[in-house]
Amino acid sequence: MQAQNEVRVTFRVDKDLKNCADTLFGRMGMNMTTALNVFLHKAVSESAIPFPISVNNTTYANGYSASGITGAFESAVQEEIAESRRKGFPVARYDQVSKQAFLENADGTREYVSK
């Protein structure tokens, strides 16, 4: 079930990074597509990358650590999900057990994406 205004975006990423990201996002109840959409919505709404970027590998600009940024990202994701629910919009989620993406409607019902 793809909206008419959606487009497919393809990009390359390191295999280990992708696997780690899949694991992280899965723990948050999301898949990669949902996480990237959250990032893009946040970046557009702030007209900037929504976290500091630095050449320093251990501490980011303004003293943020990698775990601090991860925590901020997780919080932003939860805020976006909550806002979507308040507005009655479905939320894209990922079922780790069945390994399927689904839309969770405001009433809690799920619509699984067919393959």
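By about how many helical turns are Arg86 and Glu83 separated in helix α3? Because Arg86 and Glu83 stand three residues apart in helix α3 (residues 66-86), about one helical turn separates them. This is a predicted model, and seven salt bridges are found in the structure.

Arg86 forms a salt bridge with Glu83, with 2.7 Å between the closest N and O atoms. Arg86 counts as exposed because its relative accessibility is 60%, whereas Glu83, with a relative accessible area of 29%, is partly exposed. A network of salt bridges links Glu83, Arg86 and Lys87.

A further salt bridge joins Arg85 to Glu104, where the closest N and O atoms are 2.3 Å apart. This pair links distant parts of the chain, since Arg85 belongs to helix α3 and Glu104 to strand β2 (residues 100-104), 19 residues apart. Arg85 is partly exposed, its relative accessible area being 38%, while Glu104 counts as buried because its relative accessibility of 15% falls under the 20% cut-off.

Helix α1 (residues 15-27) holds both Lys18 and Asp22, which lie four residues apart, about one turn of the helix. Their salt bridge has its closest N and O atoms 2.4 Å apart. Lys18, at 37% relative accessibility, counts as partly exposed, and Asp22, at 26%, also counts as partly exposed.

| Salt bridge | Closest N and O atoms |
|---|---|
| Lys18 and Asp22 | 2.4 Å |
| Arg86 and Glu83 | 2.7 Å |
| Arg85 and Glu104 | 2.3 Å |

Conventions: Residues are numbered from 1 along each chain as its sequence is written. This is a predicted model: local features need pLDDT of at least 70, side-chain atom pairs count only at pLDDT 80 or more; totals for chains, interfaces and linings use all residues. Side-chain values use heavy atoms; hydrogens and water are left out. A salt bridge is a side-chain nitrogen of Lys or Arg within 4 Å of a carboxyl oxygen of Asp or Glu. Helices (H or I, at least four residues) and strands (E, at least two) are DSSP runs, numbered from the N terminus. Buried means under 20% relative accessible area, exposed over 50%, partly exposed in between (1.4 Å probe, protein chains only).
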